[in-house]
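Subject: Handing over the structure

Hi,

Here is the structure I promised to pass on to you. Have it open while you read, and my notes on cavities and aromatic rings follow below.

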Amino acid sequence: MTGPLRIGFIPLVDAAALIVAVDKGFAAAEGLEVELVREVSWSNVRDKLNIGLFDAAHLLAPVAIASSLGLGHVKVPIAAPFNLGINGNAITVSPALHAALMEEIDGDRFDPLVTAKALAKVVAKRRKLGADPLTFGMTFPFSTHNYQLRFWMAAAGVDPDEDVRLVVLPPPYMVDSLANGHVDAFCVGAPWNSVAVDLGIGHILHFVSDILVRAAEKVLAVRQVWADKHPDVVAALVRAAVKGAAFIEDPANLSEAARILAQPERIGVDAEVIQRTLTGRLKISPDGTLRESGRYLLVGREGAGRPDPVQAAWLYAQMVRWGQTALTPDGVKTAMAVFRPELYDAALGQQSPAEAPAAFGAFAGPAFDPGNIRGHLEAFEVGRWKA
């Protein structure tokens, strides 16, 4: 290759391994010259990756799958040799919606089924009064945020296409949209949930790890043809990202990692907010209430960096459930082939782990079996899928 690698990213904490890999010199140590390009919207990142303006990107996992299937845009096969983050999203609601939900709560307010049932009651009351539907912001039609919101509310019978409005907003614009009353709630990655809480305009209702135990969020994405042409560069990128993730996960490096990520040209928020995110100890309400979770965001620990094709199959199943594509054997195969654990293993010179990946679990619905997506979808009452 000639010239630096151009890699696009969105200002989110789950870009951390990539940012630290570059700014701490791990990429350079692998012989890579990298220019990180900060973007605002996922459509920009996707399009620039697809047409070759970016060599690689921090990308929503479902966008990588959608591009490979040709859904919503041109068909460009994508390879994901490294998983940049597991979990990391949260659902944040306005003070008014939070108060309405708490009035209807019957049980543990941190139980997503309890809050989903409370939401169903709020939705029914608003309909009876003739009020406008609640509006929820999410980052992209093909996004974990979209599917996680839908999975949560549908568990209590709330139809996300009929009972509420879901609108697309770039992550950095979520907070302003909540402040201006354009949305009543949103699902987004860190640090934007914490920013809303710190400004006194939002309450974090759920960490997504309440809803899904282990959810693939962002991937390091490259075009498949590019990966085939530059296997050594792909391997070097994976090794650099692994080193970046390891640096971040070392508690001794927490303050330095947060300072790196806080730079205006990177994520551009206060380092203390980023540090809270990385430790999983977040302020969830303007009154200072704290909540801690060791599963809030996994950057490298617990095998988070190694792509798991089962995660890709679950995301494909959500696309099918909500009418974005049909269920076909080729579709499942293509989706799972986006996540490339063998490239990760080859880059690190390791054999495939003998142990199976950590179990994929959710707060509602049957256990997920990638070999029986039809049976999985048939268990849900709310959805757009037709057998």
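What volume does the largest cavity have? It comes to about 50 Å³. Before the rest, some ground rules. This is a predicted model, where local features need pLDDT of at least 70 and side-chain atom pairs count only at pLDDT 80 or more, while totals for chains, interfaces and linings use all residues. Residues are numbered from 1 along each chain as its sequence is written, and side-chain values use heavy atoms, with hydrogens and water left out.

Cavities first. A cavity is a set of points, on a 1 Å grid over the protein atoms alone, where a 1.4 Å probe fits but cannot get out; lining residues have an atom within 4 Å of a point. Points are joined across faces, edges and corners, and a volume is the space filled by probe spheres set on them. There are 4 cavities of 30 Å³ or more.

The lining of the largest cavity includes Asn83, Ile86, Arg214, Asp308 and Phe339. Its lining residues split into 5 nonpolar, 3 polar and 3 charged (nonpolar: Ala, Val, Leu, Ile, Met, Phe, Trp, Tyr, Cys and Pro; charged: Asp, Glu, Lys and Arg; polar: the others, Gly among them).

The second largest cavity has a volume of about 40 Å³, and its lining is made up of His98, Met102, Arg109, Phe110, Ile204, Leu205, Ile284 and Ser285. Helix 5 (95-104) and strand 9 (203-207) each give two or more residues to that lining (helices are DSSP runs of H or I with at least four residues, strands runs of E with at least two, numbered from the N terminus).

Phe110 turns up again with Arg291: the charged end of Arg291 sits over the ring of Phe110, 4.5 Å from its centre (CZ of Arg within 6 Å of the ring centre and within 35 degrees of the ring normal; for Lys, NZ is used). The charged end of Arg291 also sits over the ring of Phe207, 4.7 Å from its centre.

Now the rings. The model has 7 aromatic pairs (rings of Phe, Tyr and Trp, with its six-membered ring, whose centres lie within 6.5 Å; planes under 30 degrees apart are stacked, over 60 edge-to-face, the rest tilted). Phe151 and Phe363 pair edge-to-face, 5.9 Å centre to centre with 80° between the planes. They lie 212 residues apart in the chain. Phe151, Trp314, Phe363 and Phe380 form one aromatic cluster.

Cheers

How values were computed: 1 Å grid on protein atoms, 1.4 Å probe; cavity = no way out; pocket = protein on both sides within 12 Å on 5 of 7 lines; lining within 4 Å.
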